[in-house]
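Please report on the overall build of this chain.

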Amino acid sequence: MGETVRTLAYGEWPSPIDAATAAAHDGSPEFAGFVGDEVWWTEPRPTEAGRRTLVRRRADGTEESVLPAPWNVRSRVIEYGGRPWAGTVRDGGGPLVVFVNFADQRLYRYEPGGEPRPLTPVSPVGQGLRWAEPVPLPERGEVWCVLEEFTGDGPSDVRRVLAAVPLDGSAAEDRDAVRELSDARHRFVTGPRLSPDGRRAVWLGWDHPRMPWDGTELVLADVAPDGALRDARTVAGGPEESIAQVDWSHDGRLLYASDRTGWWNLYRDGEPVCPREEEFGGPLWKLGHRWFAPLDTGLIAVLHGRGALALGVLDPETGEVVDAAGPWSEFAPSLAAHGERVVAVGAGPRSAHEVVELDTRTGRARVIGAAHEDAVDPAYFPEPQVRTFTGPDGREIHAHIHPPHHPELTGPADQRPPYVIWAHGGPTGRVPLVLDLEIAYFTSRGIGVAEVNYGGSTGYGREYRNRLREQWGVVDVEDCAAVALALADEGTADRERLAIRGGSAGGWTTAASLTTTDVYACGTIIYPVLDLTGWGTGETHDFESQYLESLIGPRAEVPERYAQRSPAAHADRLTAPFLLLQGLDDVICPPVQCERFLARLAGRDVPHAYLTFEGEGHGFRRAETMVRALEAELSLYAQVFEMKPPGVPTLELGR
């Protein structure tokens, strides 16, 4: 293979990476942790209605899914969820695990060999009782965790506190049997971290309109003999200081990641231990994300870097970091430690996320779970480039460029390939440079992909992150356009065949780009924000309900800006064909946003398709949904760019 390279039109290359293959490999392991000497984690099952299962790796190396369908280990706290499970070892030596089941959001107790038993009740009010970041404390007969409790039917009729749930099941039908550990002084809280001697507890809290990457408080409390938390006080953080994670060292010293210098760095009892212009933390989109893990030796396992995060071991006495060797160039915030062992979730441009164990005594890292296996010949995988572009006012824009790639084919010498700009969600986030078969689905067919970490993305310091303050719909749109036009100007991409796509906040950027620029010939808008006025006044969930105060500006001061920026208000400007994809169970970006946008587009004679999916929320999880969405997207580009990809169903575009 590869001895003879043939010429074929871009976008028409046959590829072994079909939509079903891409869908089957979507998602990644998450929330890895130890149960005694064993490593457990959650893992996606796209072909099983998109559920997440709990996987156990025994000490002898055997691996098994311990909860069959329909058990779905996933929390809905703040809708994006949080750590949904934790485990310990009983006196008898067997595992004791607690987990949240997605369907009813109840907390369950599970011991291998038995059936899960509920520990919490179902609430008749609003969207119920939800739990995250459990900490089993069998010596107290309790599991401590975050409780999110709805007090009414509205998305913001909710309170959040730390709570203790009896392990004996006595609260399974009795809400009053749940002991509240904290007051509701903060709108949002993370789970408690107990000091090694059990006498103190710490957690993070923050309030509207701040998001956790804007500013959080670190709260310290004493644990009384009766298990009550006393004298809770703020010891670090504030409105303009984001503490991303807090924990304890082996000798009871307070560890946390703060961005008080403009970068998330590590502090021990308030003193910096490794001051660098690098990130040792990130955006807290899910409760229980962990960028560092203290070891019993006094060392600290860390994720750190600019952009991509490497796995290393930090000596807090010297500030030296030694990185783990291996093929993984990106790590997810899912660190855990036990003794001198560390588990992490790592990936790279040639491999999807897998569970990695690092032995800090030997420095050896190895894959121990969810091992990557090439679904097709890796010769069809993209060969990405990490690049920095220049945007308006000379600002830097970080991006990953995935040129078309096929081992046996190339495009005509007198043509340039079409390119799709991918705008990530968040918008406070960053796209990692890892193997993604959805990208390979396009690049192996002769369509380039450019992932843009536009201004506002994390990984490059607070100043880069703050570029998006009051500039959402401006900076993100400009940065994506700058990358697209730069690729065209340098001859990498065809100027007449540029597209843009994105989901959630990326869907907003896509729609805003199509309604305010003439850069793109078409676009794919996925579960988007389209109407700020509606989204910010009760159409979304509580966590992000005041996010726009920083992204757009204070509503009370600049109400006109909310309409001016909304793609729905400018549907009359839209001329480019588009595909709109929406889950009907989405409570973060609900279908009404799409419906309002389409109503305002009526009569404009713009080719488009609107596909909705039953049973899907914010982020598609079912294999059949992902197959339909991916094939529809390719068909849109094929029709607009006048390509004939083999074997792809034609998407009907209405007007």
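The report below starts with the whole chain and then turns to selected parts.

This is a predicted model, in which local features need pLDDT of at least 70 and side-chain atom pairs count only at pLDDT 80 or more, while totals for chains, interfaces and linings use all residues. Residues are numbered from 1 along each chain as its sequence is written, and side-chain values use heavy atoms, with hydrogens and water left out.

**The whole chain**

The chain has 10 helices and 39 strands. Both are DSSP runs numbered from the N terminus: helices are H or I with at least four residues, strands are E with at least two. The radius of gyration of the chain is 24 Å, close to the 26 Å that the globule rule gives for 655 residues, so the chain is as compact as a globular protein of that length. This radius is taken over C-alpha atoms, and the rule is 2.2 Å times the number of residues to the power 0.38.

| Property of the chain | Value |
|---|---|
| Span of the C-alpha trace along its principal axes | about 75 × 60 × 50 Å |
| Buried share of the 655 residues | 62% |

Buried means under 20% relative accessible area, exposed over 50%, and partly exposed in between (1.4 Å probe, protein chains only).

Helix H5 covers residues 505-516. Its 12 residues reach 16 Å from first C-alpha to last, close to the 16 Å expected at 1.5 Å a residue. The expected span is 1.5 Å times one less than the number of residues. In H5, 11 of the 12 residues are buried, so this helix is largely enclosed by the rest of the structure. Among them are Trp508 and Leu514.

Helix H9 covers residues 591-601. Its buried residues include Cys594, Arg596 and Phe597. The buried residues of H9 pack against strands S37, S38 and S39 and helix H6. Glycine 603 follows H9, and its phi is positive, near 85 degrees.

**Glutamate 43**

Glutamate 43 lies in strand S3, residues 38-45. Is this glutamate 43 buried or exposed? Glutamate 43 is buried, with a relative accessible area of 12%. Leaving aside neighbours within four places in sequence, glutamate 43 is in contact with residues including Arg51, Arg52 and Glu63. Contact means heavy atoms within 4.5 Å.
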